[in-house]
Amino acid sequence: MAPRTSGRARRRARRPDQRGLVFPSPVMILSIVAVAMAGVAWVATRPHDTPDHVATPTAQHSPSSTPSHHKRQHPVPKAPVIDRSKVLVEVFNNSQVTGLAARVGSRASRLGWQMVGTDDWYGTIPASTVYYPPQLAKAARQLALDLGIHRTMPAVSPMRLDRLTVILTGPLAGSG
């Protein structure tokens, strides 16, 4: 028969694989939840610029930069030329810079775009952007290149769908 031990001795002789459950403090739990929520908010609110939405200049190659071992050059199809005078453009100022929309609008007009108005925009825009309806996507990229704007996006309400809408969040290079 096995020797009897008291309850006190049994507690001291507890096997090492028996562990108690430790609850984290409420501060630790709140910290973990806050970090998780901040991560979700960051992912949900960051701009989703894809290469289709970012205007980038195309590389220009001079004839002297091509290798001489190519005897035959195939003609490269040219992108259709955009008739700037047929594309309506509105420019809005979403910055604290007085007269910015008017200056950028004048610049676009000098470049041949058909300006139909300038005004102030009230709302939150992360960066200067050219907004476009689906049929004017290529014209939007060209306008963005002409003005030095690096972001284009599909038009959203209340923007008109017959024109390009430029919203400026600060001065552009060369806008005076």
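**View 1. Gly170 lies in the segment after strand β5.** The model is a predicted one, in which local features need pLDDT of at least 70 and side-chain atom pairs count only at pLDDT 80 or more, whereas totals for chains, interfaces and linings use all residues. Residues are numbered from 1 along each chain as its sequence is written, and side-chain values use heavy atoms, with hydrogens and water left out. Gly170 has a relative accessible area of 14% and is therefore buried (buried means under 20% relative accessible area, exposed over 50%, and partly exposed in between, with a 1.4 Å probe and protein chains only). Not counting residues up to four places away in sequence, Gly170 touches Ser95, Leu100 and Ser128, a contact being heavy atoms within 4.5 Å. The C-alpha atoms of Gly170 and Gln96 are separated by 7.7 Å, although these residues are 74 apart along the chain.

**View 2. The protein chain has 4 helices and 5 strands.** Helices (H or I, at least four residues) and strands (E, at least two) are DSSP runs numbered from the N terminus, and from that end the elements run α-α-β-α-β-β-α-β-β. Of the 176 residues of the protein chain, 28% count as buried. Among contacts between residues at least 6 apart in sequence, 76% join residues at least 24 apart. The protein chain exposes about 13300 Å², of which carbon and sulfur atoms supply 60%; accessible areas come from the Shrake-Rupley method with a 1.4 Å probe, and for residues only the protein chains shown count as cover.

**View 3. Strand β1 has both faces covered.** In a regular strand the side chains alternate between the two faces of the sheet. Leu88, Glu90 and Phe92 are buried on one side of β1, and Val89, Val91 and Asn93 are buried on the other. Because 6 of the 6 residues of β1 are buried, this strand is largely enclosed by the rest of the structure. Strand β1 runs parallel to β2 (residues 114-120), to which 6 bridges join it, where two strands pair if DSSP finds at least two bridges between them. Within this pairing, Phe92 stands opposite Asp119 in β2.

**View 4. The largest nonpolar core has 22 residues.** A nonpolar core is a set of buried Ala, Val, Leu, Ile, Met, Phe, Trp, Tyr and Cys residues joined through side-chain atoms within 4.5 Å. Leu143, Leu164 and Val166 are the residues with the most contacts inside the largest core. Two or more residues of this core come from each of β1 (88-93), α3 (100-110), β3 (129-132), α4 (137-147) and β5 (164-168), and α4 gives the largest share, 6 residues. A second, separate core of 8 residues includes Phe92, Trp121, Ile125 and Ala155. Leaving aside its neighbours within four places in sequence, Val166 is in contact with residues including Val89, Val91, Val130, Leu143, Leu147 and Ile149.

**View 5. The buried residues of helix α4 include Asp146.** Ala137, Ala139, Ala140, Leu143, Ala144 and Leu147 are also among the buried residues of α4, and what covers them includes β1, α3, β3, β4 (152-154) and β5. Asp146 forms a salt bridge with Arg84, the closest N and O atoms being 2.8 Å apart. This pair links distant parts of the chain, since Arg84 is in the loop between α2 and β1 and Asp146 is in helix α4, 62 residues apart. Asp146 counts as buried at 16% relative accessibility, whereas Arg84 is partly exposed at 24%. The helix is followed by Gly148, whose phi is positive, near 80°.

**View 6. Salt bridges that share partners join Glu90, Arg160, Asp162 and Arg163 into one network.** A salt bridge is a side-chain nitrogen of Lys or Arg within 4 Å of a carboxyl oxygen of Asp or Glu, and the structure holds 5 of them. Glu90 forms a salt bridge with Arg163, with the closest N and O atoms 3.6 Å apart; the pair links strand β1 to the loop between β4 and β5, 73 residues apart. Glu90 is buried at 15% relative accessible area, and Arg163 counts as buried at 8%. Arg163 also forms a salt bridge with Asp162, where the closest N and O atoms are 2.8 Å apart, and Asp162 counts as partly exposed at 35%.
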